[in-house]
Amino acid sequence: MLDPAPHTPFDPKEWLRLAYMPHFMCPGCGHGIALRALLAAVHDCGIAKDDLAVVCGIGCSGRVGGYIDANTVHTTHGRPLAFATGLKLARPDLTVVVVTGDGDCLAIGGNHLIHAARRNLDITCLMLNNEVYGMTGGQASPTTAPSRFTSTTQSGAIEPTFDACALAAAAGAGFVGREVTRQAPALKTLIGRALRHKGFSFVEVMSDCTEIYGRKNDLGEAPEMILSQKADMRPEAHRDAPDQPFRPNALPTGVFVERDLPEYGARLRAHAAALRGEVTP
């Protein structure tokens with residue numbers, strides 16, 4: 001059970017490993033906004049540092065957890081949800097958060113996402129979606145928009161994009177939502193709701209990669225990419241957006257799924273107790 005929001009003001013420096021600064025992220029990278037929103041949500045939920053475990057994989061998103069002054073695990077590519085599953089089953093008292101990327105989560109880690117959602121273990125998964133493999137060479141990812149240029153789509157991407165929220169919902173996740181980094185207060189609120197939800201929570205965070213993805217596609221600097229998120233959310237109201245918005249279609253945000261389902265950890269413990277002949281409350 002999470003405590004009510006504390007009355008102490010939020011100071012991100014209290015949640016960061018300042019010895020690791022300056023950070024790894026490029027100027028204008030949206031992952032920093034996502035990190036601050038996560039820490040603010042954790043603070044508002046009243047979660048203590050010793051009770052928080054953050055599991056990350058490989059990629060730019062995988063470096064985020066290393067800056068958090070809590071229990072952190074840096075795992076292999078595509079496997080943070082698998083590691084988090086074992087951690088949560090061994091330590092159900094911990095609040096376990098997975099920070100992953102679109103390539104890490106949907107490509108090599110796609111099966112782990114499906115089965116984490118299906119099991120409905122009490123884990124919160126943040127997928128930072130910047131539409132590209134930013135750290136490992138700028139290759140196309142499962143969410144790269146059609147016609148975009150990457151190191152592996154020199155003449156423009158032709159594959160359809162992966163709707164991660166639709167996948168998580170169809171696989172059985174109890175909580176599914178999406179928000180953009182431009183809407184930082186809304187993002188913090190969404191993450192807070194995901195943390196408080198009992199069961200598997202999936203939050204897609206639309207981030208931006210200014211150096212690898214933005215430059216290659218002439219999307220402008222960080223301010224232009226952030227403004228294009230606004231245009232994607234309500235394209236009919238922002239005709240003065242850049243000629244090439246971050247995503248070419250209207251982008252639904254908010255909570256898509258919120259349902260109470262049996263939580264896997266509790267079911268597993270009850271099953272084990274029944275096999276031992278114990279009576280569970």
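Which hand does the crossing of H4 and H5 have, left or right? I looked this up and found the crossing of H4 and H5 to be right-handed. A crossing counts as right-handed if the near helix is turned clockwise from the far one by less than a right angle, and as left-handed if anticlockwise.

**Ground rules.** I noted that this is a predicted model, in which local features need pLDDT of at least 70 and side-chain atom pairs count only at pLDDT 80 or more, while totals for chains, interfaces and linings use all residues. Residues are numbered from 1 along each chain as its sequence is written, and side-chain values use heavy atoms, with hydrogens and water left out. Helices (H or I, at least four residues) and strands (E, at least two) are DSSP runs, numbered from the N terminus.

**H4 and H5.** I took H4 as residues 110-119 and H5 as residues 164-171, and found them packed at an angle of about 45°, with axes 7 Å apart. Axes are lines fitted to C-alpha atoms, for helices over the stretch in contact, and angles run from 0 to 180 degrees between N-to-C directions. H4 and H5 are therefore oblique to each other. Under 35 degrees would be roughly parallel, over 145 roughly antiparallel, 65 to 115 roughly perpendicular, and the rest is oblique. On the H4 side I listed Leu113, Ile114, Ala117 and Arg118 in the contact, and on the H5 side Leu167, Ala168 and Ala171. Contact means heavy atoms within 4.5 Å. By class I found six nonpolar, no polar and one charged residues there. Ala, Val, Leu, Ile, Met, Phe, Trp, Tyr, Cys and Pro count as nonpolar, Asp, Glu, Lys and Arg as charged, and the others, Gly among them, as polar.

**H1.** I checked the span of H1 (residues 31-44): its 14 residues reach 20 Å from first C-alpha to last, close to the 20 Å expected at 1.5 Å a residue. The expected span is 1.5 Å times one less than the number of residues. How many of the residues of H1 are buried? I found 10 of the 14 buried, so H1 is largely enclosed by the rest of the structure. Buried means under 20% relative accessible area, exposed over 50%, and partly exposed in between (1.4 Å probe, protein chains only). Among the buried residues are His31, Leu35 and Leu39. Their cover includes strands E1 (52-56) and E3 (95-101), as well as helix H6 (184-196). Just after H1, I saw that Gly46 takes a positive phi of about 75°.

**H1 and H6.** These two pack at an angle of about 50°, with their axes 8 Å apart. That makes H1 oblique to H6. I recorded Ile33, Ala37 and Asp44 of H1 among the contact residues, and Leu187, Lys188 and Arg196 among those of H6. The contact of H1 with H6 divides into 11 nonpolar, one polar and three charged residues.

Most residues other than glycine have a negative phi, and most peptide bonds are trans. I found a cis peptide bond joining Met21 and Pro22, with omega about 5°. Pro22 is in the segment before H1. Glu131 has a positive phi, near 70°, and sits in the loop between E4 and E5. Glu131 is buried, at 0% relative accessible area. Ser147 also has a positive phi, of about 80°, and lies in the loop between E6 and H5. At 46% relative accessibility, Ser147 is partly exposed.
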